[in-house]
Amino acid sequence: MNSKKLVCGFPRVQGVFGDCLEHAAKLLSDSGVNAYIDGAQSICRMGRGEEPVLSFLEEMPTAAFLLGEEVISEVVEFTRMLARSPNSRAMAPFLESMASASRALESRELFTEYLNLVSQVMQRTTPKVHGIDSMYASACLPEFLKSAPCLFGRLSLGGLRNWAEYGIKGYAADPDRQRDYFLMQSADSLAVLQRERHGTLFSDNEKKLDRYLRGLWKTEAAFVPYSLAFDILRKPVPYYDDLGIHLPDVYEDLPGVRGIDRYRALLAHLCAHLRWSEPVMADNLSPFQRIAVEVFEDSRVEYLAMQEYPGLAKLWRKLHPAPKEGACPEGWSGIRHRLFMLSRALLDPAHPYSHPLILRHAEIFRETMKRGPSSTEEMVDMGVKFIAQTREPADLSAKVYFEGTEVDYRDDNRLMWRFFEEGDEEESDRKPRRSQEKPEMERLPPRLYPEWDYSAGHYRPDWVSVYEHLHPKGDPGHIDRLLSRHAMLARRLRKIIDMLKPQNRVRIRYQEEGSDLDLDAAIRSLIDFRGGAQPDARINMSHRHDGRSIAVSLLLDLSASLADVPEGCTQSKLEISQEAVSLLAWAVEKIGDPLAIGGFHSDTRHDVRYLHFKGYGEHWGDEVKGRLAAMEAGYSTRMGAAMRHAGHYLSHQNSDKKLLLVLTDGEPSDVDVQDSRLLTEDARIAARELDTKGIYTYCISLDPKADEYVSDIFGNRHTVIDNVASLPDRLPALFMALTK
C-alpha cells in the first residue's frame, strides 16, 4: 500500500483515511493513488471544513476508476473554483454527487458536460446587482447538487439540462420557489421531471446490452456513452475505437421500435463489422467513392448477420429510411440520395425503386453474396464502379440532398478504413514483388488528386492518379564515392551543424528571479558590496528549452531532362543531384530533423509515379544510399500532383514548422497536355493549398530559364542555380538558411 501520509488536522478524516486509501489502492494505479492523496490534501487546505474532504475521499476512487484517473485533477480544480467563490457551501454536495454522476454517465466527456452544467446553474442563479455578479451565493446550487444523484437514475444528461433550464428561467425572480423546485418539492418540478423522462436510458439497460453482446455475438467491449443534447451543429454518430463502443446515452422510442431495440440494432451492426470487415486503404479513394464503398460494406455485413439471425432483417428495415425516388431537386447533388436508395434496395428486396442502375447494382450485389461471404475488397470495387456509372454533373453542387439519407443505427465506419501513415513506406518494402523483371514493391492502389483547370476556373476532381512505391536499391558504395569528392565541404558543414543542433537547456543569466543561483554573478556582486559599491541584484539564472521542431520533405523532379549533361560539366544533372541530396541527407541526419526524400515523374495524368527514397522515420544508411544510387531519370514533370502527395505526408508530421523543398530542372509539363500554362497554373494552386495547411514551399531550380515561370508558381520562394556544378554546395546551405 502507498505509504504517503495525508496531513490533515480533522480527526474524522484521519480516522477514515486508512480505509479509503486501501479502497483506492484496489482501484487505482500508484500514480492515481498519489494524485488522490494530493487532491485530498488540496481540499483540506481550502479551509472549508471536514465535509468536503470526507466526500472526496469516499467518492473519488469510484469516479476515477469509471472515468479515468485524469478526472481527479479536473474535480480538484472545479472544487477549488467553488471554494474561491461565494458558493463554497456547495463543495460537499458536489463531491457527494460524483460517484452517482460517474456511474450514470460512464464517460469523461459527459462528466465534463455535467461540470459545465453545474457551472451554468451556479452562474445563472447567482443574484446580480445592476447586471454585475454580487458577493451573494447562488440561491439553489446546493439544492440542485443534492437532487442530482436521484435525477441521474431517471433522466439522461440532456433531460437533466432541460429540467434545470426550466427551474432557472421559471423562477428567476423568486429564489424561495426556485429552491423548492430544485429540491423536487414543487408540482412544476415533478411535472417537468415526468415530461423529460422519455426514451430508454443507456444506464438503465447497460447490463442487458452487455449480455446481448456476450451471448449473441461472443464479443466483449466497453461502452462509452455520449449525449445528443449538447452537440447542436453536428450530431455525433456511433463508432468503435480502442476505448470501446461509443453510443448515445438515451434512445427515444419510435413507432414500432422500442429504444432498447434501437440499441440492439446498433450493436448488431457494429459486431457484424467487427466479425466480417477487413480494413482497406482509404487514401486513394475520393469522398464519393468512400461513401459508396461504405454503403456496400454496410449492406454486406448486414446480409451476413441476417443469415445468422433472420430477425434482424425486420428490425433494420423498420429503422432504415426509404428515400423517395425522384425527390432530389434539380441542380442539387443527389449522390447521397441515390446511394441510400441503393442501401434500402439491398436491405429490402420488396423496395419500390425502378432506377435501372440501382436495380442492376442490387442484382450484382445479391449474386455476389449468393456465392459466399465475399470481402471488403470486393465491396470497394462495387462502390467505385457504382460512382463511375451513376455520376451526374449536379453531383459536384454545393447543395447536397440529405432527406432520408441518415441511417442512425449505423456507425461512422472508421474501423473499416486504413490510412497511409508515417513508416508505412518502410513496411511496404517487405511486400512480395509482382515481377522479377521489374524490381519494385507491390504498388498501392492509386491515390486520386484534383487538378486545377485555369481556363474553366475550377478543379477537375479525381483527375490525376498517383502511384507510389519504394525506389529499388542499387550499390550504396556509389554514394560513398560521390561524397568522398566533397570531404572539404562536409567538414565545413559539420561546423555549421554543430551550431544548429538543438540544445535541451540553455541558461538565461543575470535574472533578479530565477531557479538557480548564478555563482559568478553572485561572487561579483558580493565583491562590489564588500568594496562599498552598489551590488548588482541580478544574481540568479533560469533555463529555457531550445529545440528545433522542423519536418522537411525533399521532392525531386526525376523527369528525362535530368539525364542531360549541362554545358561546362562532366557530370549529368542526375549525378550532381545525387551528390547534393546525399550531402543534405547526411547533414539533416546530424542535425536530427525528420526528413523524407521522394521523387516523381509522370506519363500522362493516369500514371504519376512517386518514389520513396527515405521515410521520416528512416536513418541515413546503406538502405537509403542504395535507393539514391539507383535513381534514374525518365518521363515528364506533372508537378502539382506530386506536391500535393508530398504535402499529404508532411502535413501529418508533428512539427511546428513544415518545409517542402522542390528540386527541379524544368517547368511542369506532360505528354497529354498541349497548353503549357495548364500545369504551371495547377502547380501554383497546389503551392497555395499547401500554404493553407501551414506547409512552407520552396523551389530550387536548375533551369537557367526558370525566371520566366518559377515565380508564377512559388512567388519569391525560389532560387535559380545557373551553375549546376555548385548544387552540392548550395543545397545544404539553402536548407540551413531556411531552417534557422
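**Ring contacts and cysteines in a predicted model**

I'll start with a charge over a ring: the charged end of Arg414 sits over the ring of Tyr239, at 3.7 Å from its centre. This is a predicted model, so please keep that in mind throughout. There is another contact of this kind, with Arg605 over the face of Trp463 and 3.6 Å from the ring centre.

Next, the aromatic pairs. Searching the whole structure gives 20 of them. One is Phe144 with Phe182, which is edge-to-face, with 5.7 Å between centres and 90 degrees between the planes. Phe144 is in helix H8 and Phe182 in helix H10, so this pair ties together parts 38 residues apart in sequence. Phe144 is buried at 0% relative accessible area, and Phe182 is buried at 0% as well. Another pair, Trp316 and Tyr409, is stacked: 6.0 Å centre to centre, 10 degrees between the planes. Here Trp316 belongs to helix H15, while Tyr409 is in the loop between helix H18 and strand E9, 93 residues apart. Both Trp316 and Tyr409 are buried.

Phe144 and Phe182 also belong to one aromatic cluster, together with Trp163, Tyr166, Tyr171 and Tyr181.

Now the cysteines. The count is 1 disulfide, between Cys8 and Cys44, with the sulfur atoms 2.4 Å apart. The torsion about the S-S bond is about 85 degrees, so the disulfide is right-handed. Cys8 lies in the segment before helix H1 and Cys44 in helix H2, so the bond ties together parts 36 residues apart in sequence. Cys8 is buried at 10% relative accessibility, and Cys44 is buried at 13%. Cys20 is in no disulfide; its nearest cysteine sulfur, that of Cys8, is 12 Å away. Cys20 is buried too, at 11%.

Conventions
Residues numbered from 1 in each chain as written. Predicted model: local features only at pLDDT ≥ 70, side-chain atom pairs only at ≥ 80, totals over all residues. Heavy atoms only, no water. Disulfide = S-S within 2.5 Å. Helix = DSSP H or I, 4+ residues; strand = E, 2+ residues; numbered from the N terminus. Buried < 20%, exposed > 50% of the residue type's maximum accessible area, 1.4 Å probe, protein only. Phe/Tyr/Trp six-rings, centres within 6.5 Å; stacked < 30°, edge-to-face > 60°. Lys NZ or Arg CZ within 6 Å of the ring centre and 35° of its normal.
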